[in-house]
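Biologist: I would like to learn how to read helix packing and ring pairs in a model. Please take one feature at a time.

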Amino acid sequence: MKIKKTTEYAILILRYIHYTPSGDMPTAQMVSEAIGITYPHVIKIADLLKKRGLISSVRGRNGGYQMMRPASKISVYDVVLAVEGELKVSPNLMQGARHCSMQAYFHEVRDMLIETLSSKKIVDL
């Protein structure tokens, strides 16, 4: 499995929002400058995180992004789901797996990966 660069950026965005001093809400421009990705890319990734309920945005002069739940409650897998969607065993891989034991093995590997990604929280990174 290959984690997309966008997922890495999403984790960095969440970390930046988490470590922003209490009461302050970082704007997309602030996030862009802090983690070194373009403003439009921040907006695109933040939209994915908002759709998944990980962050929200407040408009206006004092607006910005805020976490919807503590970083200690957001797993790396939550971010993967927001950016990449559900992890699945490749249909191409499974075409050659004529035996139930092979299919079961690859599903087990997927489940272990999900468990590992779910156990690591944003605050731990």
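Modeller: Two packed helices are described by the angle between their axes and the distance between the axes. Here helix H1 (residues 5-19) packs against helix H4 (residues 76-84) at about 125°, the axes being 9 Å apart. Axes are lines fitted to C-alpha atoms over the stretch in contact, with angles from 0 to 180 degrees between N-to-C directions. Helices are DSSP runs of H or I, at least four residues, numbered from the N terminus.

This is a predicted model, where local features need pLDDT of at least 70, side-chain atom pairs count only at pLDDT 80 or more, and totals for chains, interfaces and linings use all residues. Residues are numbered from 1 along each chain as its sequence is written, and side-chain values use heavy atoms, without hydrogens and water.

Biologist: Which residues of H1 and H4 make the contact?

Modeller: With contact meaning heavy atoms within 4.5 Å, H1 contributes Thr6, Thr7, Ala10, Ile11 and Leu14, and H4 contributes Val76, Val79, Val80, Val83 and Glu84.

Biologist: How is an aromatic pair read?

Modeller: A pair of aromatic rings is described by the distance of the centres and the angle of the planes. Rings of Phe, Tyr and Trp (its six-membered ring) pair if their centres lie within 6.5 Å; planes over 60 degrees apart count as edge-to-face. The count is one aromatic pair. Tyr105 and Phe106 form it edge-to-face, 5.2 Å centre to centre with 70° between the planes.

Biologist: How accessible are Tyr105 and Phe106?

Modeller: Tyr105 has 48% relative accessibility and Phe106 has 23%.

Definitions and conventions
Helix = DSSP H or I, 4+ residues; strand = E, 2+ residues; numbered from the N terminus. Phe/Tyr/Trp six-rings, centres within 6.5 Å; stacked < 30°, edge-to-face > 60°. Buried < 20%, exposed > 50% of the residue type's maximum accessible area, 1.4 Å probe, protein only.
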